[in-house]
2 protein chains.
Amino acid sequence: MTPAAPFVPDGSGNLRGEMSQPQAISLDEVAAIADEIQELIDAGEERSAWNLIRKLHPADMGSIIAGLPRTSRDAMIRIMSPETVAWMLRQMNPIQAGRVGRRLGSRLLSSVLSQIQPQQALATLRRLPVRRARRVTELLEQPLATEEILAHAPGTAGALMVSRFPTVMRDGRVEEARDSLKALDRQGPKSTHVLVTDDGGNLVGQISMIELALVEDATPVSAIATPVVATVTKDTPAEECARLERHYNLTQLSVIERGRLIGVILAESLLGATVEHDTRQMQQVANVAGEGVDAPLSSSIRIRLPWLTLNLATTFLAAATVSLFESTLAQVVVLAAFLPVVAGQGGIGGTQTLTLIVRAIALGELVGISARRLLTREAVLGLVHGVWLGVLVAAIAILWKQNVGLGIVLGLAMLGNMLIVGSVGAGVPLFLRRIGLDPAVASAVIVTTVTDVFGFLLFLGIASAAINLIR
Amino acid sequence: MTPAAPFVPDGSGNLRGEMSQPQAISLDEVAAIADEIQELIDAGEERSAWNLIRKLHPADMGSIIAGLPRTSRDAMIRIMSPETVAWMLRQMNPIQAGRVGRRLGSRLLSSVLSQIQPQQALATLRRLPVRRARRVTELLEQPLATEEILAHAPGTAGALMVSRFPTVMRDGRVEEARDSLKALDRQGPKSTHVLVTDDGGNLVGQISMIELALVEDATPVSAIATPVVATVTKDTPAEECARLERHYNLTQLSVIERGRLIGVILAESLLGATVEHDTRQMQQVANVAGEGVDAPLSSSIRIRLPWLTLNLATTFLAAATVSLFESTLAQVVVLAAFLPVVAGQGGIGGTQTLTLIVRAIALGELVGISARRLLTREAVLGLVHGVWLGVLVAAIAILWKQNVGLGIVLGLAMLGNMLIVGSVGAGVPLFLRRIGLDPAVASAVIVTTVTDVFGFLLFLGIASAAINLIR
């Protein structure tokens, strides 16, 4: 009943034959096929749906199955063999495999893994994020030798590394490097270098595959080995690993423990770490850091509600500021209409700057650029923006409300506000970094609160002082 | 006077000797050295500064020089040979090289390139973004054969690809693949595959370096070639190239024109495209998309001021909404204090959702997930959030202002607002994508405007209707 994997690798681990490899297709094509699959499942034709999906690349297969609603997804998984489900996950890159693994759920995954060979089950488990792999392991009926996979904290080099990779001794010959390469599963993740160690297992250099492809078996390893630019330990944050790859233009990173080589992080995992870091950072600036749009509702609530509640507290600071000026507002009620203008402009100005700074910090672009230089730059920008926006806002207010005093007060407040928001937008993330916090996490709430409170103080303060001009 | 490059590659293109390769250092160490360099230059000791910097990896060298203020930077560049400046740029990854190239300026770069060998000058020019390379070329006194580099639109596959890469004919033997590999500059960018073509130059397959390292010279190419999963054309957007790499777990992408192989995009460029896309997207959601924190002031103003001005127009929509209720506000002036609470919560709720959706669209995570499902999900989340925040805000208002009616009005407005903002936050980017626009660019302004206007209408509308309860 369970069909074989859509195409079967030959013994050597390669997919031979020109047309046996499914081709890449566009996102629109994937979406169109996903709709078709859903219609077939709705019509009870799961087998036809599978015949359509089995011709696709495993990455497309996975993203279509992950997008299906629960019952359809379960129907598709039932019709696939456990081997095929596991193979699909192993062929995907780590970000995608993680997402599909989350959608399939721990119970289903553990059932899949318990039906296939332990070696394959371990390789599959390795494609999942550490947290998910732990939950899947807990549900397994037959224990697997998973210690090595689960020992590492999520988001560290240890969780990203593979522990099987080609090596050769420094006093060996190229032939031995080739033997080490042949002994590995060639369907598995691909190294770009053979690593060179000494008698004690210490990393002393590397040989690139290109170099290896060009030399004779008898060549001594020491003649073609080159030094390694960067190593990390198993506790190095994934983000720092990704930075090293990018900054030094590396294709893989070695993980060492007291000099001894214990693992390798391949480019696919480093790319995954980069993309996940970028996603988290973008979400953090927007006060949300979740598992994504298809996470369970409860997890979305757990992630968003605390931020919404914290934000509520900060908006009450702004409310208290406005409340200080109730008597002024009672005299000139039209002032209330301009509160959103003051808050809105301050908010956007501050967010622009903080986003630039948070991103520049993450990309290591602030090296050698002093905080003073950045703050001065933002203050000058704020002056230019403030003069332009101040004149504009004054003109609009005068034309709209026929109140010259009001226009002048609003224009002055806008100028003052823009002067300060750039420096706040730059200063808050710089300060958070200085005290060792992640500037992406809390900057937005702090900056928005400061610009709101300061903007209202300035606007309503000037208005109170000049109340006779605007009444 | 001009010292040689800090370490000289031997004839074979490899850096031999264990300690000749500078090691990776942490960002903090780079920053500390940058400070030291600045102090030395300030003290007029440029030569000591150079002796410190020349021991570093070219990537660190570049980022320190890029971070120096203009006069110090020029002093450092004067002391380096043109060969070293060009070599440094060629060793960096494309994002970094682009940033350093921007900081050095077109005039200085064209002077550097005109003093080195044309072949090296071309290779260096290739590391720069197309726009910058064009400006540098215009300033060159001696023309270079740059047509091939400058022909491509920025942000396309053509601008990312290299046009020298190893190939072999499908009816050839492995020996010929090795010859093709040997003929390339081994200091240059690294391929992971040798590409297989037919008589007409059409791409028919590829051989991975690992495979090549393991077979005999006499092996026929057809015995080890495998099919290519994805190809692009020179006009394919960089973003789509990066998606193909990620999604299909590829290490390089072939560029074809009517079947013929014309170039290869390597992993380093695809990683660069991913990081630049993520940066742009994060900035766009914050209404800023600039060259970064070290761009000239004029360019920052050109980028930010239009958004600030557009945002001003939208805040006046919110102001006009509040203005509609001036008579209500005149009767119950305390309402004004709660305007920031309504706007602040609506803004954050909308931004949370829109950020999740924009990012999910970019990562291709919405395949098979219908807009209705997403909007329903957000509405349910909004209901949960709205009940919690509504009760909380009502309680605070009642305790603070001793006004039960006001608390109830505010709580109801909060509930209604949260119910709607999630759907707006999800609906706007989905709609923009449907009509073919980039959801990252305009979503934030639209969502904030809608949530502000709707929130004020709801809050002040209910207050007006229940004016006798709260007065």
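Guide: Helices (H or I, at least four residues) and strands (E, at least two) are DSSP runs, numbered from the N terminus. The model is predicted, so local features need pLDDT of at least 70 and side-chain atom pairs pLDDT 80 or more, while totals for chains, interfaces and linings use all residues. Residues are numbered from 1 along each chain as its sequence is written, chains are lettered from A and ligands numbered from 1 in the order in which they are written, and side-chain values use heavy atoms, with hydrogens and water left out.

Visitor: What is the place of Asn287(B) in chain B?

Guide: Asn287(B) sits in the loop between α16 (267–285) and α17 of chain B. Its phi is positive, about 60°, although the residue is not a glycine. Most residues other than glycine have a negative phi.

Visitor: Why is Asn287(B) called buried?

Guide: Buried means under 20% relative accessible area, exposed over 50%, and partly exposed in between (1.4 Å probe, protein chains only). The relative accessible area of Asn287(B) is 6%, so the residue counts as buried.

Visitor: What about Asn287(A): buried or exposed?

Guide: Asn287(A) has 6% relative accessibility and therefore counts as buried. Asn287(A) lies in the loop between α16 (267–285) and α17 (297–323) of chain A, and its phi is positive, near 60°.

Visitor: How do you know whether chain A is a compact globule or more spread out?

Guide: Chain A has 23 helices and 6 strands. Its radius of gyration is 29 Å, well over the 23 Å that the globule rule gives for 471 residues, so chain A is more spread out than a compact globule. The radius is taken over C-alpha atoms, and the rule is 2.2 Å times the number of residues to the power 0.38. The C-alpha trace spans about 90 × 65 × 40 Å along its principal axes.

Visitor: What makes Glu378(B) and Arg304(A) a salt bridge?

Guide: A salt bridge is a side-chain nitrogen of Lys or Arg within 4 Å of a carboxyl oxygen of Asp or Glu. The closest N and O atoms of Glu378(B) and Arg304(A) are 3.0 Å apart, and the pair forms a salt bridge. Across the interface of chain B and chain A the rule finds 4 salt bridges. Helix α17 (residues 297–323) of chain B gives the largest share of the side that touches chain A, 17 residues.

Visitor: How many residues of chain B are in contact with chain A?

Guide: Contact means heavy atoms within 4.5 Å, and 143 residues of chain B are in contact with 143 residues of chain A.
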